[in-house]
Amino acid sequence: MLLRVLGSAAGGGSPQWNCGCPVCAAVRSGAGPPRTQSSVAVSADGRRWFLLNASPDVRAQIEEFPALRPHDGRTTPLEAVLVTDAELDHTLGLLLLREARALRLYATPAVHKVLWDGTGVLRTLERYCPVEWRAVLPGADLALADGLSCRAFDVPTTKRARFGARADHGRVVGYRLTDERGGGTLVYLPGVQALTRALRREIEGCGCLLVDGTCWRDDELLRLGLAGKTSREMGHLPMDGPDGSLALLSPLGVGRVVFLHMNNTNPVLLDGTPERRTVEEYGMEVAMDGLEVRV
Ligand code: MLT
Ligand code: MN
Ligand code: ZN
């Protein structure tokens with residue numbers, strides 16, 4: 001299985017348009033590469049591709065990646081989009097794909113409902129192009145294409161739902177993708193609040209984990225005076241600390257741990273910071289846009 005990180009930053013990207021925090025300022029002055037909003041492309045063999053979330057930067061992300069460009073006429077290697085939740089940074093890109101002849105979308109019923117009745121992204125999109133919705137049910141295997149299969153699992157969160165969807169079941173999911181032919185396994189978990197025992201079981205032993213790296217510290221945004229909430233309160237497990245993701249993921253025997261969905265304030269975005277070095281000492285990685293991995 002092949003994967004490409006199309007975008008590695010959280011909602012807003014890095015730098016974020018209205019942010020002058022030290023990390024955004026450093027990125028503007030060249031201390032680290034800018035990053036677009038989080039999305040990943042996966043394929044069994046490099047021919048047919050699936051998007052894991054569709055970011056508001058999807059148009060430029062596709063242009064940057066030759067394997068996703070159209071062959072001729074209007075045929076493209078993009079087979080379908082799988083979404084983990086209904087957040088705008090993961091779904092606004094659907095509207096930018098509206099020129100498609102048809103779009104296949106994998107989403108849970110709870111996410112589908114929010115995209116329809118809440119944000120209205122799907123209701124609007126369907127005025128432009130037919131959407132073929134495939135219901136994702138956590139725990140059930142789905143065949144994608146070319147021996148690639150996937151299974152969603154629930155990701156519990158107390159993050160406030162902005163739109164409807166009181167039901168927690170299926171509001172946020174992660175995906176475990178398996179290449180039945182090559183044997184590779186990938187877990188995609190761009191938003192995780194707590195690594196519960198059930199989640200750790202999904203992750204254990206996978207070849208590659210793409211995981212939430214939103215904040216370095218739990219109080220990162222509070223200290224900077226940029227928000228009134230901790231990272232956890234916003235639904236994101238911080239990386240640092242004895243109960244942070246670095247420490248908790250370390251014993252799980254994952255082949256390659258790659259952090260993505262970094263918020264613009266996270267010092268791991270900059271090359272050579274102590275925080276970045278700590279990630280490297282754990283044998284883990286911080287994704288950049290364009291990172292490609294063979295799993
Ligand atoms: C989040 O995951 O909390 C987001 O990136 C916030 C957003 O998209 O506005
Ligand atoms: Mn987000
Ligand atoms: Zn910033």
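**Entry 1: Asn 53.** I started with Asn 53, which lies in the loop between β3 (49-52) and α2 (58-63). Helices here are DSSP runs of H or I with at least four residues, strands are runs of E with at least two, and both are numbered from the N terminus. Asn 53 is buried at a relative accessible area of 0%; buried means under 20%, exposed over 50% and partly exposed in between, with a 1.4 Å probe and protein chains only. Its phi is near 70°, a positive value in a residue that isn't glycine. I noted that most residues other than glycine have a negative phi, and that most peptide bonds are trans.

**Ground rules.** This is a predicted model, where local features need pLDDT of at least 70 and side-chain atom pairs count only at pLDDT 80 or more, while totals for chains, interfaces and linings use all residues. Residues are numbered from 1 along each chain as its sequence is written, chains are lettered from A and ligands numbered from 1 in the order written, and side-chain values use heavy atoms, leaving out hydrogens and water.

Entry 2: I found Asp 146 in the loop between β7 (141-145) and β8 (148-154), buried at 12% relative accessible area. Then I checked Ser 14 and Pro 15: a cis peptide bond joins them, with omega about -5°. Pro 15 lies in the loop between β1 (2-7) and α1 (22-28).

**Entry 3: the manganese.** Which residues coordinate the manganese ion (ligand 2)? I got Asp 89 (OD) and His 261 (NE2), at 2.1 to 2.2 Å. Donors are N, O and S atoms within 2.8 Å of the metal (3.2 Å for Na, K and Ca), and water is not among the atoms, so sites may look incomplete. Asp 89 is in helix α3 (residues 88-96) and His 261 in the loop between β12 (256-260) and α9 (274-281), 172 residues apart. Both Asp 89 and His 261 are buried.

**Entry 4: ligand 1.** I listed the residues around ligand 1 (a heavy atom within 4 Å); among them are Ala 10, Glu 87 and His 236, and also Asp 89 and His 261. For polar contacts I took pairs of N or O atoms within 3.5 Å. An oxygen atom of ligand 1 is 2.9 Å from a side-chain N or O atom of Lys 159. The protein covers 68% of the 270 Å² of accessible area that ligand 1 has on its own (Shrake-Rupley method, 1.4 Å probe).

Note on methods
Polar contact = N/O pair within 3.5 Å; in protein donor to acceptor, adjacent residues only side chain to side chain.
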